[in-house]
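Have the structure open as you read.

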Amino acid sequence: MLPHQRNPARRQDVVPYMNLINEVHVQEPGLVVVDVAAADAATALALQDALAAQWATAKADRVTRDPGQPGVRLRCYVDLRQPLGS
């Protein structure tokens, strides 16, 4: 958990060490950056596949692990303007 000054709501899901989001990835309405934290790679990749089944998604080919942190992380980019599923 973060110190009170940086996390006044004392939320445990605040992630201060994620990479910055590039402006081009959200420059228009309908563009979304999705950061996933999951217990394992299979879970993170399954969520990404579910997103890709519905919308145009720039999929990540791997997950990352942060030293000293539990689980894995994945970032993908979704274009909600281009629905693929029904």
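## Salt bridges and a buried glutamine

D66 and R73 meet through their side chains in a salt bridge, at 3.0 Å from N to O; the term stands for a side-chain nitrogen of Lys or Arg within 4 Å of a carboxyl oxygen of Asp or Glu. D66 is partly exposed at 23% relative accessible area, while R73 is buried at 13%. Here buried means under 20% relative accessible area, exposed over 50%, and partly exposed in between (1.4 Å probe, protein chains only).

This is a predicted model, where local features need pLDDT of at least 70, side-chain atom pairs count only at pLDDT 80 or more, and totals for chains, interfaces and linings use all residues. Residues are numbered from 1 along each chain as its sequence is written, and side-chain values use heavy atoms, leaving out hydrogens and water.

The count comes to five salt bridges, including these:

| Pair | Closest N and O atoms |
|---|---|
| E28 and R81 | 2.4 Å |
| D35 and R75 | 2.5 Å |

D35 sits in strand β1 and R75 in strand β3, so this pair ties together parts 40 residues apart in sequence. D35 is partly exposed, at 34%. Strands (E, at least two residues) and helices (H or I, at least four) are DSSP runs, numbered from the N terminus.

Now to Q48, in helix α1 (residues 41-54). Q48 counts as buried at 2% relative accessibility, and a polar atom of the Q48 side chain lies 2.6 Å from the backbone nitrogen of A60.

Key
A polar contact is a pair of N or O atoms within 3.5 Å; within protein, one must be able to donate a hydrogen and the other to accept it, and residues adjacent in sequence count only if both atoms are side-chain atoms.
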